[in-house]
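Subject: Structure for your files

Hello,

Here is the structure you were expecting. My notes follow below it.

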Amino acid sequence: MRHYVRIYAMLLKLNLSSMMAYRANFINSLISSVGWGTFQIVWVYLLTSRITGAFGWKSGELVILTATYVVFMGIFHTIFSRNFENIARIIDYGTLDSFLVKPVDSQLLLSVWQVAYTNVVRIIIGGAVIVHSLALMHYRPTLAAVAGYVTLMLFGIAIMYSIWFLVTTCLIWNPRLGNLVDFLFNITGVSRYPTEMLTGMKNVFLYPLIPLAVAVSTPARTLVGRVLAGDVLGLLILSVMLFAASRFFWKFALRSYTSASG
Amino acid sequence: MTAISVSRLSRYFRIYQKGAGIRGSIASLFRRKYTTAKAVDDISFSIEEGELVGFIGQNGAGKTTTLKCLSGLMYPTRGEVSVLGYTPFDRKTDFLKQIGLVMGQKNQLWWDLPPMESYLLNKEIYAIPGDRFKKTLGDLVDLMGIADIIGVQVRKLSLGQRMKCELIAQLLHGPRVLFLDEPTIGLDVVMQQRLRDFIRDYNKKTNATIILTSHYMQDVKELCRRVIIIDHGKLAYDGALSDITRAYSDRKILTVVFGKPVEKHVLAKLGEVKLFELPKARILVSRARTNAVAQELLRDFPIEDITIEEPGIEEVVRRIFSSHHA
Amino acid sequence: MRYLKIFLLHFEHVFENRAQSLVWFSMSLSNPILQILFWRGTQGIGGWSYTALTSYYLLIAAAGAFLSSHIEGDVYEYDIKQGELVRYLIRPFPYYWIKLVEEAPYRILQGGFAIIVLACVAVWFGNYLSVPLTPLTLLFGLVSACFAYFLSFTYKMSLGLLAFWLKDIRGLYSFVEILGIVLTGFILPLSLYPHGLREVTLALPFAYMIYYPVLIFQGKLGLAEMLQAVGIQSLYLAVFVVIFTVLWKRGVRQFTAIGQ
């Protein structure tokens with residue numbers, strides 16, 4: 001365990017040095033992060049500008065939901081996203097070999113190798129909007145609610161991670177589908193919306209998206225004090241199951257790995 | 001003790017074919033044709049600790065695939081592999097800590113940072129104790145002569161410098177078995193020689209088992225006492241290099257382009273005719289007689305062009321393979 | 001004839017990578033679908049019925065697939081930064097038209113997917129899609145769609161050409177992309193934007209790249225308004241063509257003089 005902490009500490013250091021060595025890239029990423037983070041907030045403000053609520057959520061709560069999403073993705077993008085983007089290239093060029101040959105769990109190493117620090121601004125933007133919205137609605141969440149919020153968000157991130165990794169594992173069979181990761185970025189947008197939007201439809205095609213929505217809706221609901229024990233349980237179970245599935249699928253895929261060039 | 005033991009190893013791939021043009025593309029929507037490529041087919045051998053063995057064969061013969069099965073990267077279709085007592089594909093941590101893999105041109109160092117940073121990362125990944133790390137690093141840096149560049153960003157280094165640094169990264173944890181896949185490819189002659197010297201010294205100093213794949217005869221000649229020739233996925237030869245070199249280093253190839261047609265049997269008197277497609281022909285001649293034969297050709301025949309060269313690996317492989325089958 | 005050959009070659013390539021194309025297409029669908037689901041929670045707003053809203057989002061997804069150009073990445077990355085532009089400069093065809101023909105297969109394939117989806121929706125979810133076509137709206141719709149594509153294409157080409165002068169342009173492109181989404185009507189029909197923002201967005205050229213053609217097909221514009229829309233489109237198109245030409249002439253001169 002300590003071994004992995006030391007490895008990650010070193011990775012954090014190397015990523016920091018790398019980021020500072022490449023200033024143009026740093027500025028571009030920062031603009032991107034600020035841009036997309038703000039964009040999501042603008043989006044929800046536009047949507048809620050003419051309504052008082054939807055699916056049992058008040059307008060202000062919908063804003064908090066989206067802001068939670070922004071914080072959520074801020075954490076996710078910082079720790080994981082760049083690695084998912086790289087996986088297609090890593091598999092296609094055979095660089096995966098150098099990961100597989102190291103005495104560290106390959107799934108872990110691939111997932112956290114690079115850190116995208118600039119996305120921390122999304123956390124700041126989202127956080128600011130949440131605080132502002134809570135103030136506007138005169139909500140004062142209890143300490144338990146905040147603790148629950150943070151904990152459930154972490155489990156929610158595990159759900160998001162597992163789904164992304166399950167999909168990305170398919171690249172082992174077809175490394176050319178690099179835009180599968182863009183697709184994931186895109187589909188992840190469903191998490192800005194309340195779970196009720198999907199469950200209300202009773203459409204079997206939407207069911208796979210429900211875990212993504214649950215991952216963000218449940219923590220947000222905890223913060224505004226409307227969460228049910230069932231929601232929490234659902235989140236925890238999904239989280240554990242999907243994570244186990246991602247590990248199993250990855251190990252299975254490695255057996256089919258043909259390792260570019262011969 | 002036996003470091004590596006391979007029994008009836010096979011690795012097959014499915015390759016999908018598509019017809020040409022738009023018609024082919026649309027046809028492939030309905031029916032896909034597959035062929036099974038046998039990259040490695042029923043290979044068996046065993047290697048003792050401390051040996052320096054060369055895997056040779058043409059491109060695509062199956063050498064790299066075998067290497068990847070030995071290092072745990074690929075799952076064998078059939079057969080059994082055991083390296084240092086472990087099954088490579090299980091990829092146990094203890095196994096991985098004892099092997100090293102260096103693949104020709106691939107970059108494992110962080111591009112924007114000095115190699116030293118990547119080394120420190122590897123130190124953590126392989127859990128190398130501080131003082132052992134310092135000593136090993138010191139030795140390797142001296143051996144490679146890179147003390148002045150380990151603080152320079154990798155992207156500012158030349159190819160040769162980069163390769164040296166990459167190699168060191170793979171050796172910091174002191175692997176007992178080292179797999180080198182085409183280590184000298186793309187390097188200039190001087191670098192190739194330096195790298196060969198380094199590998200030889202490393203083997204002597206640490207008694208590491210080293211497996212080297214190459215399609216340069218020179219790499220193998222200088223480093224390996226034992227070679228394994230893999231041809232079209234099959235084991236064509238496994239034995240002392242001296243046996244092959246005896247068959248080959250005493251011969252040379254003369255390639256001639258004739259100005260006027262010449263009879264084959266006349267040429268056959270001078271040496272073994274390998275190729276006869278006028279105006280071009282190729283004959284194998286013993287080293288001692290090469291000059292004499294060349295002079296005779298130039299004197300008695302209408303010659304447009306003549307080249308004298310060492311037999312390539314294709315020659316060796318073909319010879320060995322066909323004699324193995326005879 | 002030669003343009004046809006270039007087109008067919010690219011079409012074959014795109015077809016081979018149809019899995020990728022399908023993924024791109026699904027991405028363009030995801031937001032409209034989510035929006036449609038969202039508005040269920042409110043059953044229509046601001047004078048737009050739920051059906052009108054869902055038709056809007058479906059049409060804008062289709063329009064996006066057909067009409068939004070993504071050529072700027074190609075121009076910036078391969079042609080200018082990596083110097084591939086040289087290949088185009090020595091050919092006897094204008095760069096503008098070759099790029100158009102290169103992009104055409106992608107738009108057609110994406111548009112093809114969109115039509116299939118719209119057809120399926122019309123068959124199985126008829127009440128979500130309402131496109132009251134009259135000969136007039138069809139005519140104006142097609143004309144404005146053509147203008148819209150050329151507008152989008154010329155705009156994107158011009159953006160790409162900025163690579164002649166700007167060293168690292170990706171931050172700008174991100175920003176432009178975000179702005180584009182907000183201003184072209186992908187989030188919400190522009191007329192439903194808050195007062196103030198609404199007037200601005202309706203006047204900008206972005207509204208004419210996808211929004212107005214969609215409104216025309218939805219039958220939301222009268223004859224005078226349709227004429228005005230097409231008129232303003234052609235005006236903006238002329239402006240962008242001028243911008244493009246100026247950027248091109250200046251850029252090529254610098255590119256060939258200084259080299260890469």
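Buried area here means the accessible area (1.4 Å probe) that two parts lose on being put together, summed over both. This is a predicted model, in which local features need pLDDT of at least 70 and side-chain atom pairs count only at pLDDT 80 or more, while totals for chains, interfaces and linings use all residues. Residues are numbered from 1 along each chain as its sequence is written, chains are lettered from A and ligands numbered from 1 in the order in which they are written, and side-chain values use heavy atoms, with hydrogens and water left out.

Chains C and A

About 3100 Å² is buried between chain C and chain A, and carbon and sulfur atoms give 72% of that area. Chain C puts 35 residues into the contact and chain A puts in 35 residues; contact means heavy atoms within 4.5 Å.

On the side of chain C that touches chain A, the elements giving two or more residues are α2 (18-39), α8 (170-184) and α9 (197-203) of chain C. The largest share, 13 residues, comes from α2(C). Helices (H or I, at least four residues) and strands (E, at least two) are DSSP runs, numbered from the N terminus.

The sheet in chain B

In chain B, 6 strands form an open sheet of mixed pairing, in the order β5-β6-β7-β3-β8-β9; two strands pair if DSSP finds at least two bridges between them. β5 (99-103) and β9 (234-240) of chain B are the edge strands, each with a single partner, so one side of each has no neighbour in the sheet. Strands β6 (residues 177-181) and β7 (residues 209-214) of chain B run parallel and are joined by 5 bridges, with V177(B) opposite T209(B) in β7(B).

E51 in chain B

E51(B) sits in the loop between β2 (33-48) and β3 of chain B. Its side chain makes a polar contact of 3.0 Å with that of R226(B). Not counting residues up to four places away in sequence, E51(B) touches N203(B), A208(B), T209(B), I210(B) and R226(B).

Regards

Note on methods:
A polar contact is a pair of N or O atoms within 3.5 Å; within protein, one must be able to donate a hydrogen and the other to accept it, and residues adjacent in sequence count only if both atoms are side-chain atoms.
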